[in-house]
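Hi,

Here is the structure I promised to pass on to you. Have a look at it first, and then read my notes below.

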Amino acid sequence: MNRLELVEKIAAKHEISKAEAARILSTITEEIIATVKNNDPLTIVGFGTFKLQDRPERQGRNPATGEAIKIPAAKIPKFVPGSAFKDAVNG
């Protein structure tokens, strides 16, 4: 499913326009990004938690030359599914 299909499902299920559904989805994603960017976890009970994870600097290899390279530290967004979500997928 892509974003447009999700917007269509939201609009149909709640009997609102596609434009309204798109604005709602956009607001949700913007707020998740803003919260995680501020290094605050965002938990949706029964669904999961969005959080920021630090990845330390590490050694890697250039696949073309095999030369050792230094991969800089980075902050990576991470999603951890909740138990209800896991149960729904597995059950």
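Predicted model: local features only at pLDDT ≥ 70, side-chain atom pairs only at ≥ 80, totals over all residues.

Arg23 counts as partly exposed, at 48% relative accessibility; here buried means under 20% relative accessible area, exposed means over 50%, and partly exposed is in between, with a 1.4 Å probe and protein chains only. Arg23 sits in helix α2, where helices are DSSP runs of H or I with at least four residues, strands are DSSP runs of E with at least two, and both are numbered from the N terminus.

Residues are numbered from 1 along each chain as its sequence is written, and side-chain values use heavy atoms, with hydrogens and water left out.

Helix α2 itself

The 20 residues of α2 reach 28 Å from the first C-alpha to the last, close to the 28 Å expected at 1.5 Å a residue. That expected span is 1.5 Å times one less than the number of residues.

Which residues of α2 are buried? They are Ala21, Leu25, Ile32 and Val36. These residues lie on the same side of α2, because they cover an arc of only 30° around the axis; the arc is that of the directions from the helix axis to the C-beta atoms. Among the elements covering the buried residues of α2 are α1, β1 (42–44) and β2 (48–55).

Leaving aside neighbours within four places in sequence, Ile32 is in contact with Leu42 and Phe50, where contact means heavy atoms within 4.5 Å. The C-alpha atoms of Ile32 and Leu42 are separated by 6.8 Å, and the two residues are 10 residues apart along the chain.

Glu31, also in helix α2, is partly exposed, with a relative accessible area of 47%. Between the C-alpha atoms of Glu31 and Gln53, which are 22 residues apart along the chain, the separation is 18 Å.

How α1 and α2 pack

Two packed helices are described by the angle between their axes and the distance between the axes. For α1 (residues 3–14) and α2 (residues 18–37), the angle is about 115° and the axes are 8 Å apart. The axes are lines fitted to C-alpha atoms, for helices over the stretch in contact, and angles run from 0 to 180 degrees between N-to-C directions.

Which residues make the contact? From α1 come Arg3, Leu6, Val7, Glu8, Ile10 and Ala11, and from α2 come Lys18, Ala21, Ala22, Leu25 and Ser26. Seven of the residues in this contact are nonpolar, one is polar and three are charged. In this count Ala, Val, Leu, Ile, Met, Phe, Trp, Tyr, Cys and Pro are nonpolar, Asp, Glu, Lys and Arg are charged, and the others, Gly among them, are polar.

Two positive phi values

Most residues other than glycine have a negative phi, and most peptide bonds are trans. Glu15, in the loop between α1 and α2, has a positive phi near 50°. Glu15 is exposed, with a relative accessible area of 75%. Asn39 lies in the loop between α2 and β1, and its phi is also positive, near 65°. Asn39 is partly exposed, with a relative accessible area of 45%.

Finally, take a look at Ile71, in strand β4 (residues 68–71). Ile71 counts as partly exposed at 27% relative accessibility. What does Ile71 touch, not counting residues up to four places away in sequence? Ile71 touches Glu57, Arg58, Gln59 and Gly60. The C-alpha atoms of Ile71 and Lys13 are separated by 45 Å, with the two residues 58 residues apart along the chain.

Enjoy exploring!
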